[in-house]
Amino acid sequence: MTDSSATAAACGCQCDGASSETELAAGLDSIIGEYRDKPGGLIPALQTAQALFGYLPEEVIRKIADGFGKPVSEVAGVVTFYSFFTLHPRGKFVVRVCLGTACYVRGGKEVLDAFKKKLEIDVGETTPDRMFSLEVGRCFGACGMAPVVMVNDDVYQRVKPALVGELVNKILSGTAAAEVKEMA
Amino acid sequence: MAYKQYILVCGGTACESNRGIELFAALKKAVEENGLVNDVQVVRTGCLGFCEKGPIVKILPQDTFYVEVKPEDAEEIVKEHLVKGRVVSRLLYDKNQSKRNVGIEGIDFYQKQFRIVLRNCGVIDPDKIDEYIARDGYKALEKALFEMKPRDVIDEVSKSGLRGRGGAGFPTGKKWEFAAVQPAGQKYMVCNADEGDPGAYMDRSTLEGDPHSVLEAMAIAGYSIGADTGFIYIRAEYPLAIQRLENAIKQAHEYGLLGKNILGSGFSFNIEIRLGAGAFVCGEETALLASIEGKRGMPSPRPPFPAVKGLWGCPTVINNVETLANIPVILLKGNLWFSKIGTATSKGTKVFALTGKINNSGLIEVPMGTTLREIIFDIGGGIRGGKAFKAAQTGGPSGGMIPPQFLDTPIDYENLSKIGSIMGSGGLIVMDEDDCIPDVTKFYLDFTVDESCGKCAPCRIGGRKLLNYLANICNGEGKLEDIDKMLAISEAMSRASLCGLGQTASNPVQSSLRYFMDEYREHIVDKKCRAGKCKNLLSYSINTEKCVGCTACARVCPVNAIAGERKQPHVIDSAKCIKCGQCFDVCKFNAVNRS
Ligand SMILES: Cc1cc2nc3c(=O)[nH]c(=O)nc-3n(C[C@H](O)[C@H](O)[C@H](O)COP(=O)(O)O)c2cc1C
Ligand code: SF4
Ligand code: SF4
Ligand code: FES
Ligand code: FES
């Protein structure tokens, strides 16, 4: 799952890697401070931390465990349980192909295969140049326009497998957004 | 109403992501440029339901309904329609609609619908509490707080016959009563907005289009059971719904409709939002509570039921979004009004996300007791491309496949379970002749296996076994005796799994074996997939009589399996062919055979 705008908004940061190490560390401290004493605050803390770092590196998990006074194993157990959390940095563009039922019956799997082929990675992987990560989603609420693909926060509707290559090139050249996101 | 005319622009996800934001801005700009700011208001609403033909724009008071509107059309709509009063007919759904009949009542899609839950969706601006209040919003809360005892509220809900819309259909009044009779002390009210069914977006649209209706209902429920705190557990993948909820909560606080001492009644109620982190099983109530507590979202055995021992050990009521959205209407219109809608055992309406191979995909609300035929053919406009209807799945991965012979069954909780499916939360996927039943069944199992939390063995191991059998069948390696094994495993899973996920995961298998045995048999015995979906069972060849040698197939083949000179018939080397089907799709002369 992406660091969706919801959680990004919660931390308000830009998460562009522009912030310095010390700022990140301070950010993490304030997240721990904010959620430590809230009942059930661990998951919101992890979500906010992921929005800040883009993923959850081991040191972050360790620091959060320390801050919450919980064993690292417990926190790691929570992190690995939920698919929202990721332990690895992801690409600049996170491609999520919807495999909800509506998209599946309208060809979502063929779209996914086309992305796999074009990007030469499998689901859950990132291209070596860190430009693209490939993930699957379960219904983005735009089933009427199935099959649907999300690239970061942009939604592409009625995607055709044959046009995936072109789409990837356009994303890379930054012209995809101007291009209408309907491929009908 | 100070304005003479209103332009409603759909702000639901499907429309908004289809340049809807740009469209909204363009309409605003056009209104300004034409000097109409004092006469015309542009409103961004929630989903109008007709997502297939989005972005949707509606003009009031004429009720003109425009479909597939692009930002470039904004100028024309304002200049022609608003300034000169001339309908832009090229943007109507039915271009031949008469001038007088251009509203939604002229569109079949809306004719058989009846809106309680979605009463405000597509009507009000969800970011403006005043618009909700203007449509009787928060009146039910006021009525409850000042004219009714908690007991009366529960009575009213019980008598209405409302049952949970999250899947199981448990009577809502009864659930509230269980929590209400627990000794006073800390209690919680939780709204389940996890909406895990992949391919369904009813709850999301309700929250995006009318967030206050759910907040109001939570406060009413809190009042009736004696809870002062509510949680909304919502998927993190729903950023727009979260944003609108946050805004709605803030506004309700400013108006004294949430928070301490609501409207001076002495009753206090606060609502917090918790984001789900991507685990289907967290939609199950005990797992959901574990997740709110910050733990791994694993189900636990019931009893104790959450109404007795829930969040942090306190009595907790968990209700689905749609269940809650009914509550304010029930209190205002009364249980008698509500219980007249629907069937003997299932009262009120049901919202469905109607998707798949249907002409009019979208969000619909129909009275309980409506038939599948009415939904698919009257509202949904039939199957895309004139293909044949094969099956409909309700209840998502927990539901069953409904074959054509039940198209006329009135839909309610009991009837659906009689025919091997469930009401579920409202996903309704339509499949046509091009969908392969074993393949779709495998898709559902793939999902449940992926989402099983692994706590109990029947679900963890049984699910994987079923998936293996299905994969073999789709690969042409299935055996007839596998069928009996699949049935036995399905039985065991339904009976012995700990939570609803495992108990229902085999429903797609059981129902498809019951109604579509011939398709399984074809895969196993004849090694054929009539829908052309199962790659290993297909072979491609070129009909030399039809082939004109255009070379389109040879160019698209990823493994160079097609040979032939330009203008000469081509041939496929079946040893090289990886059955990707691209030649089949690309040939304009129908010269590629698939069998
Ligand atoms: C695996 C599983 C997933 C579920 N997912 C949801 C869900 O996404 N939304 C929901 O409201 N109920 C879901 N439920 C049902 C809840 O456990 C619970 O019955 C429901 O939220 C109660 O609300 P209601 O009585 O208003 O329907 C799920 C149940 C199971 C077993
Ligand atoms: S039935 Fe499946 S999801 Fe439910 S507790 Fe057992 S393993 Fe977990
Ligand atoms: S099905 Fe695919 S691999 Fe086989 S011949 Fe056609 S294009 Fe080539
Ligand atoms: S199933 Fe893909 S958007 Fe709903
Ligand atoms: S999102 Fe616009 S009609 Fe559904």
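Predicted model: local features only at pLDDT ≥ 70, side-chain atom pairs only at ≥ 80, totals over all residues.

Reader: What is the value of phi at B:Tyr138?

Author: Most residues other than glycine have a negative phi. B:Tyr138, which lies in the loop between helix 4 (129–134) and helix 5 (139–147) of chain B, has a positive value although it is a residue other than glycine. Its phi is near 65°.

Reader: How are helix 17 and helix 18 of chain B oriented relative to each other?

Author: Two packed helices are described by the angle between their axes and the distance between the axes. Helix 17 (residues 457–475) and helix 18 (residues 480–496) of chain B pack with their axes 10 Å apart, at an angle of about 155°. Angles over 145 degrees count as roughly antiparallel. Helix 17 and helix 18 of chain B are therefore roughly antiparallel to each other.

Reader: How many nonpolar residues are in the contact of helix 17 with helix 18 of chain B?

Author: Helix 17 of chain B passes helix 18 of chain B in a left-handed crossing. Among the residues that make the contact are B:Leu466 and B:Tyr469 of helix 17 of chain B, together with B:Ile489 and B:Met493 of helix 18 of chain B. By class, the contact of these two helices has 3 charged and 4 polar residues, while the nonpolar ones number 10.

Reader: At roughly what angle do the axes of helix 8 and helix 10 of chain B cross?

Author: Helix 8 of chain B passes helix 10 of chain B in a left-handed crossing. The contact includes B:Leu207 of helix 8 and B:Leu240 of helix 10 of chain B, and its residues divide into 4 nonpolar, no polar and 3 charged. The axes of helix 8 (residues 202–209) and helix 10 (residues 239–254) of chain B come within 8 Å and cross at roughly 40°.

Reader: Between which domains of chain B does ligand 1 lie?

Author: 23 residues surround ligand 1, and B:Gly164, B:Asn320 and B:Gly500 are among the closest. Strand 8 (316–320) and helix 19 of chain B each supply at least two residues of this shell, and strand 8 of chain B gives the most, with 3 residues. Two domains of chain B both give residues to the shell around ligand 1, so the ligand lies between them: domain 2 (129–338) and domain 4 (437–526).

Reader: Which helices of chain B each supply at least two residues of the shell around ligand 2?

Author: 14 residues surround ligand 2, and the closest include B:Cys453, B:Cys456, B:Cys459 and B:Cys499. By class, the residues of this shell divide into 8 nonpolar, 4 polar and 2 charged. The helices of chain B that each supply at least two residues of the shell are helix 17 and helix 19 (500–504).

Reader: How many charged residues does the shell around ligand 3 have?

Author: 14 residues surround ligand 3, the closest being B:Cys557, B:Ala561, B:Cys577, B:Cys580 and B:Cys583. The residues of this shell divide into 11 nonpolar and 2 polar, and the number of charged ones is 1.

Reader: Which helix of chain A gives the largest share of the side that touches chain B?

Author: The contact takes 38 residues from chain A and 42 residues from chain B. The elements of chain A that give two or more residues to its side are helix 1 (5–11), helix 3 (42–53), helix 5 (72–81) and helix 6 (101–105). The largest share of the side of chain A that touches chain B, 4 residues, comes from helix 6 of chain A.

Methods: Residues numbered from 1 in each chain as written. Chains lettered and ligands numbered in written order. Contact = placed C-beta atoms within 7 Å. Axes fitted to C-alpha atoms, helices over the stretch in contact; angles between N-to-C directions. Parallel < 35°, antiparallel > 145°, perpendicular 65-115°, else oblique. Left-handed = near helix turned anticlockwise from the far one by under 90°. Nonpolar A, V, L, I, M, F, W, Y, C, P; charged D, E, K, R; others polar. Near = placed C-beta within 6 Å. Domains from an automatic or database assignment.
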